[in-house]
There are 2 protein chains.
Amino acid sequence: MVRAAMLDTHSPTTLIATMAARARDAARWLARSTDAQKAAALVAAADAIRAAAPAIIAANAADLARASANGLSGALLDRLRLDGPRIAAMADGIAAVAALADPVGQVIDRSTRPNGLMLSRVRVPIGVIGIIYESRPNVTADAAALCVRSGNAVILRGGSEAIDSNRAVHAAMVAGLELAGLPAEAVQLVPTTDRAAVGAMLAADGAIDLIIPRGGKSLVARVQAEARVPVLAHLDGINHVYVHRSADPAMAEAIVLNAKMRRTGVCGAMETLLIDRGYPAAEALLRALAATGCTVRGDAAARALLPTIDAADAADWDTEYLDAIAAVAVVDDLDGALAHIAAHGSHHTDAIVAADEGAAERFLAEVDSAIVLWNASTQFADGGEFGLGAEIGIATGRLHARGPVALEGLTTYKWLGHGTGQVRA
Amino acid sequence: MVRAAMLDTHSPTTLIATMAARARDAARWLARSTDAQKAAALVAAADAIRAAAPAIIAANAADLARASANGLSGALLDRLRLDGPRIAAMADGIAAVAALADPVGQVIDRSTRPNGLMLSRVRVPIGVIGIIYESRPNVTADAAALCVRSGNAVILRGGSEAIDSNRAVHAAMVAGLELAGLPAEAVQLVPTTDRAAVGAMLAADGAIDLIIPRGGKSLVARVQAEARVPVLAHLDGINHVYVHRSADPAMAEAIVLNAKMRRTGVCGAMETLLIDRGYPAAEALLRALAATGCTVRGDAAARALLPTIDAADAADWDTEYLDAIAAVAVVDDLDGALAHIAAHGSHHTDAIVAADEGAAERFLAEVDSAIVLWNASTQFADGGEFGLGAEIGIATGRLHARGPVALEGLTTYKWLGHGTGQVRA
């Protein structure tokens with residue numbers, strides 16, 4: 001395997017065009033590779049990362065020292081930090097992706113036309129995927145593994161604060177892939193921290209087939225606003241739990257508390273609780289939520305139920321707190337809940353708690369979100385929980401893939417026709 | 001059903017935002033409607049168009065008179081013309097779409113998680129679709145029917161030269177839909193011929209979910225270059241037929257002549273013929289192609305086979321003629337054909353003629369096009385020929401839908417979870 005030639009980092013546009021052209025060649029190679037080749041390459045990459053742990057920790061120390069000197073806060077430093085267990089988890093994650101079923105080559109459907117032409121739709125890799133992420137260096141390994149497993153070449157652009165860690169993880173991973181015979185250009189890391197390289201990736205329509213941002217809201221918003229390349233992402237997870245009048249109180253309390261408080265910083269966390277005016281145990285529910293330490297901000301009707309909670313203002317209904325804060329509105333009925341979600345939801349994950357099957361079925365049918373749940377916590381919004389294996393992200397757009405995006409979402413299909421000389425009349 | 005309130009056409013952005021908001025409401029209505037309701041509404045729309053034939057012909061006469069006065073050519077006038085048979089065909093087309101199976105509600109897959117949570121992926125409409133088209137007024141009916149059948153609201157923006165015809169077709173169609181109880185806002189026609197309305201549609205990210213251009217290359221190119229909204233389209237159909245050395249000469253001749261000459265103006269027509277250096281009947285194939293009246297432009301090796309053909313220059317390999325012209329290159333072998341297609345193809349439709357199954361399977365696997373055929377004419381690239389029913393277009397992008405896009409391509413999915421109180425650990 002020929003080592004990548006030097007990259008000219010002077011012009012971000014030229015840099016990305018060069019990387020994308022190499023990625024396209026690698027993608028052609030990957031599209032021809034077998035399930036076993038891709039799996040073996042990822043196992044080799046996982047081994048290489050384990051073996052490179054001392055080098056990765058040393059590189060990470062340089063990032064951490066720079067970040068400390070730049071005054072980064074404790075939480076951000078923790079995101080950036082790699083240690084033995086985290087590197088082992090990264091390698092295990094790659095090995096777990098290696099063990100997932102390969103979606104490429106799956107026949108989606110097949111038919112034989114009256115003229116004998118046999119048509120089939122077969123899953124194929126998308127091609128060249130760009131991942132734009134922030135300070136967590138483990139994304140370098142996670143995202144690359146998912147792309148390679150599904151036969152895609154990937155261009156990674158991590159945060160500047162993690163550049164040394166990302167380089168070390170990338171170098172180890174590529175060494176492993178090459179050992180297994182994959183081209184180094186299957187997984188490329190943008191070598192510069194120049195922010196213009198992100199702009200060049202977003203503008204590379206036709207050269208990069210799909211961009212997936214992994215990070216905070218400002219990153220996702222920039223990517224969605226600027227990209228000429230299709231994007232899979234979610235900006236907000238303003239998720240609702242609607243407690244219908246028919247809900248079992250114990251179930252409602254368990255689901256609401258889990259949806260809000262299990263982890264408050266995940267995109268599947270509940271942000272707004274909608275309580276049906278006819279739900280008999282509303283006050284107890286609010287007391288239980290407040291008793292967890294959650295700040296509860298209610299509308300007038302909710303505060304009438306429990307005056308000790310805070311008052312919500314208009315902005316609360318459109319806010320993703322990602323914190324131990326919940327907005328609470330009392331709605332007249334199912335239609336009120338549907339209208340609230342249609343007005344304020346972010347098409348991510350919404351749930352109803354109800355014993356009434358008719359109400360639940362209407363909620364499932366009419367809420368226009370990627371994931372709609374009946375009698376289950378919104379915190380299940382996760383590719384692993386859905387049985388998909390590791391996910392590359394959750395998408396709230398309406399095209400291509402919706403909800404948790406795992407290997408299948410990183411593929412497309414082509415139509416294959418097997419004929420015996422058919423011509424069209 | 002309340003009639004649409006007056007639209008302010010002064011600001012294109014406000015106009016499109018207002019139309020899109022009404023379409024979103026209608027889309028919510030359509031998403032709840034049943035298969036039978038949608039089918040009945042389209043049957044009513046077809047009937048209404050048949051009944052309105054005199055009014056449509058009168059409106060069309062105004063367009064034709066204006067077009068003649070503006071010096072439109074015969075072919076363009078013919079595209080614009082509606083007469084009794086064409087209106088009947090339009091109505092029949094709507095009725096045929098009504099008879100297609102509804103993709104909405106189909107369960108793509110289903111699983112039960114170890115905790116008992118039952119997950120399913122269910123097809124749902126995309127939402128609000130924008131169709132931007134040119135002078136053929138039948139697109140008004142065809143595109144609207146496909147969108148309504150799949151539960152989507154549609155905003156139609158036809159060419160200014162067909163505005164009177166489009167208004168008449170649209171009015172009849174909406175009258176039929178309303179008779180069947182559908183909201184008028186399910187199918188809206190942009191009421192102005194202001195070209196800025198197209199720009200406003202292309203910029204309406206989040207309000208319009210998908211744009212499909214229907215028309216010539218300059219329209220598609222503008223849409224692809226400007227759109228912030230996702231686009232399904234194909235710009236070029238630079239389609240190849242590769243005649244492998246193992247091809248049966250009679251089959252090769254039949255397929256090449258059909259692929260090029262059956263209809264030269266369709267996007268599935270062959271534009272470039274690649275002949276394997278080892279194919280023994282190359283000269284006869286070139287003679288047969290030239291004998292159909294096709295202008296043949298060959299590389300040096302092709303002209304060595306048949307000196308009477310024209311010389312191709314570099315631009316020929318990247319040209320979609322849509323005419324009785326074919327470029328011909330002699331390639332060394334399968335790898336040469338794959339390299340030529342990778343360099344010059346447009347990811348639309350490519351075919352191999354071969355008796356050698358190994359060569360054919362490599363071609364099918366490695367050509368990165370929406371449709372790849374073995375021993376069949378490229379002119380089959382058509383939703384009807386694929387058994388999909390009427391198509392809204394052919395897409396050469398890699399995301400969402402690829403190849404002929406029919407009803408299924410106008411849907412997305414959501415994840416539904418049926419639980420019994422599950423919370424996440």
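In strand 2 of chain B, B:Met118 is the bridge partner of B:Thr112. This pair belongs to a predicted model. Strand 1 and strand 2 (residues 118-125) of chain B run antiparallel and pair over 5 bridges. The two strands form a hairpin, with 5 residues between them. In the turn, B:Gly116 has a positive phi of about 90 degrees. Strand 2 of chain B is also joined to strand 16 of chain B. That pairing is antiparallel and counts 8 bridges. Within it, B:Leu119 has B:Gly417 in strand 16 of chain B as its bridge partner.

A:Ala291 is found in helix 11 of chain A. Is this alanine, A:Ala291, buried or exposed? A:Ala291 has 9 other C-beta atoms within 10 Å, so this residue is exposed, the cut-off for exposure being 12 or fewer. A:Ala291 and A:Glu366 are 75 residues apart in sequence. Their C-alpha atoms lie 33 Å apart in space.

A further open sheet of 10 strands has the order 1(A)-2(A)-16(A)-13(B)-12(B)-7(B)-8(B)-11(B)-9(B)-10(B). Here too the pairing is mixed. Its edge strands are strand 1 (107-112) of chain A and strand 10 (310-311) of chain B, and each pairs on one side only. Strand 16 (residues 411-422) of chain A pairs with strand 13 of chain B in the parallel sense, over 5 bridges. A:Gly417 stands opposite B:Leu373 in strand 13 of chain B. Parallel pairing also links strand 7 (residues 239-243) of chain B to strand 12 (residues 349-353) of chain B, over 4 bridges. There, B:His240 stands opposite B:Asp350 in strand 12 of chain B.

The contact between the chains takes 50 residues from chain A and 50 residues from chain B. On the side of chain B that touches chain A, at least two residues each come from helix 10 (249-261), helix 14 (357-366), strand 13 (371-376) and strand 16 (411-422) of chain B. Strand 16 of chain B gives the largest share of that side, 11 residues. By class, the side of chain B that touches chain A comprises 23 nonpolar, 17 polar and 10 charged residues.

Helix 10 of chain B also packs within its own chain. Helix 10 and helix 11 (residues 282-291) of chain B pack at an angle of about 30 degrees. Their axes are 10 Å apart. The crossing of these two helices of chain B is right-handed. From helix 10 of chain B come B:Pro249, B:Ala252, B:Glu253, B:Val256, B:Leu257 and B:Lys260. They meet B:Ala284, B:Leu285, B:Ala288 and B:Leu289 in helix 11 of chain B. The contact of the two helices has 8 nonpolar and 2 charged residues, with no polar ones.

B:Ala250 also lies in helix 10 of chain B. B:Ala250 is exposed because 10 other C-beta atoms lie within 10 Å, where 12 or fewer is the cut-off. B:Ala250 and B:Arg424 are 174 residues apart in sequence and 65 Å apart in space, C-alpha to C-alpha.

Chain A as a whole has 14 helices and 16 strands. Its C-alpha trace spans about 70 × 70 × 35 Å along the principal axes. Of the 425 residues in chain A, 53% are buried. Among contacts in chain A between residues at least 6 apart in sequence, 72% join residues at least 24 apart.

Methods: Residues numbered from 1 in each chain as written. Chains lettered and ligands numbered in written order. Predicted model: local features only at pLDDT ≥ 70, side-chain atom pairs only at ≥ 80, totals over all residues. Contact = placed C-beta atoms within 7 Å. Nonpolar A, V, L, I, M, F, W, Y, C, P; charged D, E, K, R; others polar. Pairing = 2+ DSSP bridges. Axes fitted to C-alpha atoms, helices over the stretch in contact; angles between N-to-C directions. Left-handed = near helix turned anticlockwise from the far one by under 90°. Buried ≥ 20, exposed ≤ 12 C-beta atoms within 10 Å, placed from the backbone.
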